[in-house]
Amino acid sequence: MITKKVALHVAKPVVLIAEELSPATLDALGPDFEVRHCDGANRAELLPALAAGVDAVLIRSATKMDAEAIGVAKGLKVIARAGVGLDNVEIPAATAAGVMVVNAPTSNIVSAAELAIGLLLASARSISPAHAALRNNKWARSKYTGAELFEKTLGIVGFGRIGQLVAHRMQAFGMDVVAYDPYLQPARAAQLGVRLVDLDELLKISDFITIHLPKTKETANLIGVEALAKVKPSVRIINAARGGVLDEAALFDAITQGRVAGAGLDVFATEPCTDSPLFTLDQVVATPHLGASTDEAQERAGIAVAVSVRKALAGELVPDAVNVKGGEIHLEIRPSLPLVEKMAHIATALAGELPVHMDLQVRGDISVHDSSILAISALKGALQATGAEDITYVNAPALAAERGVTSSVATDPDSPQFRSMISLHCSLGNGSSVKVDGTLVGIRQVQKIVAIDSYDLDLAPVDNLLFLRYSDRPGVVGIVGNALGKASINIAGMQVARDHRGGEALMALTVDSSVPASVLSTLSMQTGANLARTVNLGNV
């Protein structure tokens with residue numbers, strides 16, 4: 001008899017590129033996706049392309065991903081914006097549909113910082129009007145006398161990543177840098193040689209002020225009439241962050257009345273902006289929102305969102321997801337995300353059912369950071385332990401709520417045994433509980449399970465784990481080793497912990513392959529274990 005081999009074709013995830021992106025974006029995506037293209041600005045072309053079935057769509061600023069577009073894109077998992085702004089994405093509609101929205105928040109930070117510095121220098125030396133005068137055949141040296149930066153005070157309003165880049169570069173000019181940022185620890189500023197001050201002091205002492213804040217209800221017109229009444233008349237103000245943080249009408253009045261010496265502007269309250277009274281002033285140098293307009297920034301943005309798409313479609317956490325509860329994830333918290341997923345997976349497997357509530361205690365050094373995202377990590381890990389598929393950081397909270405599972409995070413600066421540690425306490429429907437403690441060790445942040453319930457361990461959460469709980473007595477180790485040996489299952493590591501001699505013991509094993517149900521049944525019977533569980537963390 002002749003048998004015919006049939007090759008099975010596995011469809012690749014579909015990525016729709018709706019706007020022109022750098023070639024490096026495609027290189028970063030790699031060969032694992034079917035890539036399609038359309039003109040996202042053309043609605044008649046975009047909607048059918050989305051309706052044809054796509055897993056991810058990559059856009060810039062021209063493609064409008066509103067509720068209609070999201071609604072026709074059945075199966076869409078990710079909207080990736082190759083840039084920072086998300087005004088063209090209807091985030092609530094995406095979240096309701098379980099679609100992750102990602103951007104590239106760090107792609108343009110160097111470009112934005114450099115443009116702010118360029119505007120500052122141009123304002124200090126009247127470069128723009130002096131250039132315009134030369135083009136009009138005027139040699140006006142005496143009219144455009146400027147100001148040096150050396151030994152002057154630079155006030156940075158908003159000391160995030162871009163503000164810190166500006167500070168570092170301007171210190172090389174010999175400037176004294178102060179900053180206002182209510183959310184930054186003074187110690188971090190001190191590490192960078194910058195003194196944190198309140199906004200009033202910054203306004204009073206600065207010779208130059210540069211703004212690096214997002215526009216929110218709290219920051220709208222922050223630098224307005226009242227603030228501009230406190231500055232030196234020689235001050236020059238730079239805004240390359242967001243329009244609307246600096247009150248443009250108040251700035252115009254202050255410059256024309258001699259209360260502000262000049263300004264450099266890249267952003268405006270309403271854009272595009274081509275007609276502003278500020279543009280009539282020689283003291284103002286302005287650019288049309290060029291902060292991210294460099295080849296390097298565009299390439300970084302494309303690569304960043306391509307990597308995010310790969311992670312999202314693989315079910316991994318995407319730190320730059322904007323609609324995942326918890327917001328931006330601190331660098332010190334990120335390594336704990338997979339650890340907590342594994343802890344929740346282990347706890348749920350040991351319990352044999354989904355917990356009704358999971359309480360996380362974040363202890364030690366990392367407790368000072370926002371760790372609320374870890375509540376979703378726990379939900380994701382618990383759901384995966386039950387065999388649920390396609391669990392992401394976007395849909396995990398809703399899926400958990402459908403199953404009656406909740407989670408919470410609390411912090412405690414005290415961690416007696418480790419610099420940082422996370423305790424996961426899972427409450428079950430019958431009133432019992434399971435507790436798993438974990439930590440990250442060393443520079444490489446190696447994951448460790450350090451306790452389960454009252455049993456101290458030093459366990460690496462590898463792909464295949466085996467747990468047995470039994471009455472402590474001689475010979476059990478031999479029984480387990482013999483049974484696994486007969487099944488050709490290699491033991492990589494074994495630990496036994498007990499509450500007291502002759503009491504109850506917990507054996508935790510790391511093994512090189514999964515343990516079949518028949519072998520687990522044999523082990524349970526031969527050891528008299530009251531709990532025998534395998535845990536597969538290969539997909540976590």
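Tutor: Methionine 358 touches Ala344, Ala378, Leu379, Ala382, Val405, Thr406, Ser407, Ser408, Leu424, His425 and Cys426, leaving out residues up to four places away in sequence; contact here means heavy atoms within 4.5 Å. The model is predicted, so local features need pLDDT of at least 70 and side-chain atom pairs count only at pLDDT 80 or more, while totals for chains, interfaces and linings use all residues. Residues are numbered from 1 along each chain as its sequence is written, and side-chain values use heavy atoms, with hydrogens and water left out.

Met358 is among the members of the largest nonpolar core that touch the most other members, together with Ile346, Leu424, Ile452 and Phe467. This core holds 70 residues, and helix α13 (residues 336-351) gives the most to it, with ten residues. A nonpolar core is a set of buried Ala, Val, Leu, Ile, Met, Phe, Trp, Tyr and Cys residues joined through side-chain atoms within 4.5 Å. Buried means under 20% relative accessible area, exposed over 50%, and partly exposed in between, with a 1.4 Å probe and protein chains only. A second, separate core has 28 residues, including Leu202, Leu265, Phe268 and Leu281. In soluble globular proteins, nonpolar side chains tend to be buried together.

Helices (H or I, at least four residues) and strands (E, at least two) are DSSP runs, numbered from the N terminus. Of the 16 residues of α13, 15 are buried, so the helix is largely enclosed by the rest of the structure. From its first C-alpha to its last, α13 reaches 22 Å, close to the 22 Å expected at 1.5 Å a residue; the expected span is 1.5 Å times one less than the number of residues. Glycine 352 follows α13 and has a positive phi, near 80 degrees.

Serine 371 lies in the loop between β13 (357-364) and α14 (374-385). Its relative accessible area is 3%, and serine 371 is therefore buried. Setting aside neighbours within four places in sequence, serine 371 is in contact with Ile333, Val362, Val409 and Thr411.

Elsewhere, some backbone features deserve attention. Most residues other than glycine have a negative phi, and most peptide bonds are trans. Asparagine 137, however, has a positive phi near 65 degrees, and glutamate 151 has a positive phi of about 65 degrees. Asparagine 137 lies in the loop between α6 (127-135) and β6 (153-157), and glutamate 151 is placed in the loop between α6 and β6 as well. Asparagine 137 is exposed, with a relative accessible area of 75%, and glutamate 151 counts as exposed at 62%. The peptide bond from glutamate 271 to proline 272 is cis, with omega near 0 degrees; proline 272 is in the loop between β11 (262-265) and β12 (284-286).

As for the whole chain, 47% of its 540 residues count as buried, and its secondary structure comes to 17 helices and 22 strands. The C-alpha trace spans about 100 × 65 × 35 Å along its principal axes. Among contacts between residues at least 6 apart in sequence, 62% join residues at least 24 apart.
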